[in-house]
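Good morning, colleagues. Please bring the structure up on your screens, and I shall take you through it region by region.

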Amino acid sequence: MIVVANWKAYVESLTQAKELHALAKRLAKRATIVLAMPHPYLGAFSGSVPARAAQDLSLYESGAHTGEVTAAALSSLGVGYVIIGHSERRAQGESDEVVAKKVQLALKEKLVPVVCIGESVRDEDAKYLAVIRAQLAAVFTPLSQSERARVVIAYEPVWAIGKSSSEAIQPSDLGELVLYIRKVLAEYVSVRVAQKMVILYGGSADAVNARALLEGGGVDGFLVGRASVDPDTFSALVRSIT
Ligand code: PGA
């Protein structure tokens with residue numbers, strides 16, 4: 001079970017970061033906890049329990065690129081994971097091609113890419129399936145077989161992000177989508193590997209709905225935004241699924 005806490009820009013002091021980190025350390029006995037922090041906090045912690053993730057990384061390997069944080073810089077701090085292609089970054093103009101390039105840079109530095117995919121709307125003609133397929137194809141086509149197996153997928157339907165649990169996806173709809181994702185993955189890796197690849201769900205997951213989403217959705221864990229920065233809520237969520 002993997003729970004990625006996407007702190008986004010909610011955590012605004014090192015004091016708050018330290019409190020959440022201490023909680024995650026305790027919860028790490030129950031699940032693999034990955035804290036996706038704003039960049040400045042990443043260097044304030046060490047070790048791999050809980051694991052640390054960046055929320056994004058540079059498209060450049062190094063050089064004259066003011067303000068960029070490279071895969072190598074993250075890796076040198078012991079960061080283990082990086083979220084790539086979050087819908088809030090795609091909304092800033094990040095294309096499938098940019099996402100694909102960032103995944104390659106992350107893998108080169110032995111960072112585990114947590115690649116966010118998901119449709120903006122659920123249309124009745126199921127065109128959203130083509131959106132998911134295209135997002136996966138862009139990432140997986142350029143990779144080698146062994147690289148493909150190291151990618152973690154976070155399915156985050158954009159329409160379900162930042163809402164309340166009553167507006168999150170239904171477990172049965174999630175289950176169908178996860179089957180579809182594994183079917184597409186099996187076009188890039190063996191069926192056996194596709195079955196084992198890690199798929200997370202994100203989008204208004206909390207202590208109320210996580211257990212049902214886990215049981216009905218067939219996911220391997222969650223990418224949690226808002227519910228990850230309140231200690232009681234995050235603790236309740238992790239305890240509800242472990
Ligand atoms: P949310 O965010 O849990 O606040 O909906 C999830 C995400 O965007 O990663």
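First, the conventions. This is a predicted model, in which local features need pLDDT of at least 70 and side-chain atom pairs count only at pLDDT 80 or more, while totals for chains, interfaces and linings use all residues. Residues are numbered from 1 along each chain as its sequence is written, and side-chain values use heavy atoms, with hydrogens and water left out.

Let us begin with the ligand. Which side chain places a polar atom 2.7 Å from an oxygen atom of the ligand? That side chain belongs to His86. For Asn6, a polar side-chain atom lies 3.4 Å from a ligand oxygen atom.

His86 sits in the loop between strand S4 (81-84) and helix H4 (87-90); helices (H or I, at least four residues) and strands (E, at least two) are DSSP runs, numbered from the N terminus. His86 counts as buried because its relative accessibility is 5%, where buried means under 20% relative accessible area, exposed over 50%, and partly exposed in between, with a 1.4 Å probe and protein chains only. The side chain of His86 also makes a polar contact of 3.2 Å with the side chain of Glu156. A polar contact is a pair of N or O atoms within 3.5 Å; within protein, one must be able to donate a hydrogen and the other to accept it, and residues adjacent in sequence count only if both atoms are side-chain atoms.

Ser204 returns among the backbone features. It is not a glycine, yet its phi is positive, near 55°. Ser204 lies in the loop between strand S7 (199-202) and helix H10 (210-217), and at 12% relative accessibility it counts as buried. Ala126 likewise has a positive phi, of about 60°, without being a glycine; at 31% relative accessibility, Ala126 is partly exposed. The peptide bond from Val49 to Pro50 is cis, with omega near -5°.

I turn now to helix H1, residues 14-27. Its buried residues are Ala17, Leu20, His21, Leu23, Ala24 and Leu27. Seen down the axis of H1, these fall within an arc of 165°, so they line one face of the helix; the arc is taken over the directions from the helix axis to the C-beta atoms. On the other side of H1, Thr15, Glu19 and Arg26 are exposed. The buried residues of H1 pack against strand S2 (32-37), helix H2 (39-42) and helix H11 (231-241), contact meaning heavy atoms within 4.5 Å.

Finally, the cores. A nonpolar core is a set of buried Ala, Val, Leu, Ile, Met, Phe, Trp, Tyr and Cys residues joined through side-chain atoms within 4.5 Å. The largest has 69 residues, of which Trp7, Phe140, Ile181, Tyr201 and Phe222 touch the most other members. Helix H8 (residues 171-185) gives the most to this core, with seven residues. A second, separate core of 14 residues includes Val4, Ala51, Tyr81 and Leu200.
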